[in-house]
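Here is a friendly briefing to read alongside the model. Please keep the viewer open as you go through the points.

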Amino acid sequence: MPASTALLSRADLDFLLHDWLRVGELTDRPRFAEHSRSTFDAILDACADLAQDRFAPHNRRNDTDEPRLVEGRVHLHPEVRPALDALAEMGLLSATADHHVGGLQLPHVVHLACAAWFAAANVSTYGYAMLTVANAQLICALGSTEQVTRFVTPMFEGRFHGTMCLSEPQAGSSLADTMTRAHLADDGTYRITGTKMWISGGDHDLGENIVHLVLARTGADDSGVRGLSLFIVPKFLVEDDGSIGERNDVSLVGLNHKMGFRGTVNTVLSFGDGTHRPSGSAGAVGYLIGAPGEGLAQMFHMMNAVRLEVGACAAALGYTAYLKSLAYARTRPQGRRPDAKAAHLPQVPLVEHADIRRMLLAQKSYAEGALGLTLYCARLLDERDTAVEPAERDRAALLLDVLTPIAKSWPSQWCLHGTSLAIQVHGGYGYTRDYDVEQHYRDSRLNPIHEGTHGIQAIDLLGRKTSMLDGAGLEALDEEMRRTVATASQLGPELSAHAADLDLVRARLTEVTKLLHSHPEPITRLANASIYLEAAGHVVVAWIWLEQLVALGDRDDAFARGKRSAARYFRTYELPRVTPQLDLLASLDRTTVDLNPAWL
């Protein structure tokens, strides 16, 4: 099978982007007026080719030849830098950025589809670009003109790379316990001291410089998340003319050796330990973004974009694992059908067995549902930023707020399960390094952990996103689902049945959410937030599938029949999971709250 065919389905991307999300309509807006369907398709073609030619070939080698520390320097696989340089040369690092900073002003939804190609081909190498883009976008949105010129322009050119430095060894995801400090210097810069942990892309020689975004405290007495500020801390200082200056006081402490996602180096960094002394003094030079105390809100400008992209990467990994297991099942002879078991009959391909078809349909329903969900959210980004009417922008922002935890976590959980099924379809061979699917599983296992764990996303969804503004975000989502149900109910028995099943769990989800919000004790209300996230995610993806069925119209080719089969599978096999989960939530069960840790 051609490499590009084993990565993603271009037919599916075309359907999702053009037939369902109608991205061509965006070109009527001033920001996207220079684009057309032909430019969108050309960019997607170029990304598919680049992913196949420069990213996919070294995916396995990037895993086996993982980053290593040699005499204080990080050594990466030699094919990583040429791939990233080629991506930068295409202008993809600044694809969604404004023209005045060298951007293409590409819609977010098209850019995310492009990103899916690279994630499917080689998520570890693409990880460097993903972090750099998110870093640059934050500085563009919140930094000064001088900061944009000094740091963003070279990042978009591929000369500098970016990171985000939040976690610390003693704090992990609990950012309120951040200890890194920033002390104001006489020249208006800050001197940063502290240690950061789990920093992807934290040290390497892929470019001239690395631009760290660092959370730190500016006062000795401030505490909690309100005391955090955000700083630009480059590995090398940058002179006024843009040239590389002296080494900043940022040093590499060590590397973390991971289960998967190995090609993206993961580091422990020390800021301000005196290893390097810029201008003769210890302390890493940092530049404040915006005002003091706004760091966490600023960082989430970056984090939310990254979380959506994590969901898309999870979908892409699930998608390529599905396609590879499908190709294997079509070509691997194994056994005979139950109704034709005579020994003299030839063996049949794996795909002829019902249980194999079940696993393939499950993967298809997860991967295509997840990709649809993340692209829908990217379309909301474009609506939020460019819709003509302010009310339309506000509504898109509400929907995006409530859907982001789901768009990050649902693909991360269920496309991971899909890659597990891909291994199962391969049987013993899937458990070996001779086939790609075992690496896809290891790479996918990071997605429910990084950029906010599954549990953190669950608490965010139930504790904040569904209750903010008196539940306006959830109400907007409920209205969208009811609108789709009303449309689908008039389109024949298959869609009507799907609509009816969705409508039942939609109403139940709203009812249970209100019940949970009314409970006075946060510890009880949030005890089973992860189950709430999983139930809400299944309801949302069932809606995404119904949306796709409506968009198919009367189409009746193999592609459309495959879509209908996957949607039917999801409605019949997956959606019934939701009812017992909602029943458990409604019972306000305290099993985990009342448990004494000593009993474990």
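Helices (H or I, at least four residues) and strands (E, at least two) are DSSP runs, numbered from the N terminus. This is a predicted model, in which local features need pLDDT of at least 70 and side-chain atom pairs count only at pLDDT 80 or more, while totals for chains, interfaces and linings use all residues. Residues are numbered from 1 along each chain as its sequence is written, and side-chain values use heavy atoms, with hydrogens and water left out.

**Helix α15**

- Gly-553, which follows α15, has a positive phi, near 60°.
- The 24 residues of α15 should span 34 Å at 1.5 Å a residue, and its end C-alpha atoms agree with this at 35 Å apart; the expected span of a helix is 1.5 Å times one less than its number of residues.
- Because 20 of its 24 residues are buried, α15 is largely enclosed by the rest of the structure. Here buried means under 20% relative accessible area, exposed over 50%, and partly exposed in between (1.4 Å probe, protein chains only).

**The second largest pocket**

- About 680 Å³ of space lies in the second largest pocket. On a 1 Å grid over the protein atoms alone, a pocket is an open set of points where a 1.4 Å probe fits, with protein on both sides within 12 Å along at least five of seven lines. Grid points are joined across faces, edges and corners, and the volume is the space filled by probe spheres set on the points.
- Its lining has 23 residues, a lining residue being one with an atom within 4 Å of a point. Trp-20, Tyr-376, Glu-480, Arg-483 and Glu-547 lie nearest the centre of the pocket.
- At least two lining residues come from each of α1 (10–20), α8 (354–386), α9 (390–426), α12 (468–488) and α15 (529–552).
- The lining has ten nonpolar, two polar and eleven charged residues. In this count Ala, Val, Leu, Ile, Met, Phe, Trp, Tyr, Cys and Pro are nonpolar, Asp, Glu, Lys and Arg are charged, and the others, Gly among them, are polar.

**The largest nonpolar core**

- The largest nonpolar core has 182 residues, and Ile-139 and Leu-375 have the most contacts inside it. Helix α5 (residues 108–142) gives the most to this core, with 23 residues. Such a core is a set of buried Ala, Val, Leu, Ile, Met, Phe, Trp, Tyr and Cys residues joined through side-chain atoms within 4.5 Å.
- In soluble globular proteins, nonpolar side chains tend to be buried together.
- Setting aside neighbours within four places in sequence, Ile-139 is in contact (heavy atoms within 4.5 Å) with residues including Gln-147, Phe-151, Val-211 and Ile-289.
- Leu-375 lies in helix α8 and is buried, at 0% relative accessibility. Beyond four places in sequence, its contacts are Leu-13, Leu-16, Leu-17, Leu-21, Val-109, Leu-112 and Ala-113.

**Helix α1**

- The buried residues of α1 are Asp-12, Leu-13, Phe-15, Leu-16, Leu-17, His-18 and Trp-20.
- These buried residues pack against α2 (37–55), α5, α7 (295–331), α8, α15 and α16 (558–574).
- Just after α1, Arg-22 takes a positive phi of about 50°.

- Most residues other than glycine have a negative phi, and most peptide bonds are trans.
- Ser-279 is not a glycine, yet its phi is positive, about 55°. This residue sits in the loop between β11 (266–271) and β12 (284–288) and is exposed, with a relative accessible area of 61%.
- Leu-469, also not a glycine, has a positive phi of about 55°. Leu-469 is found in helix α12 and counts as exposed, at 63% relative accessibility.

- Asp-385 lies in helix α8 and is partly exposed, with a relative accessible area of 33%. Not counting residues up to four places away in sequence, Asp-385 touches His-108 and Arg-393.
- Asp-385 and Lys-341 are 44 residues apart along the chain, and their C-alpha atoms are separated by 60 Å.
- Glu-208 is in the loop between β5 (190–200) and β6 (209–217) and is partly exposed at 36% relative accessibility. Its contacts, leaving aside neighbours within four places in sequence, are Arg-159, Phe-160, Phe-236 and Ile-244.
- Glu-208 and Lys-235 are 27 residues apart in sequence and 9.3 Å apart in space, C-alpha to C-alpha.
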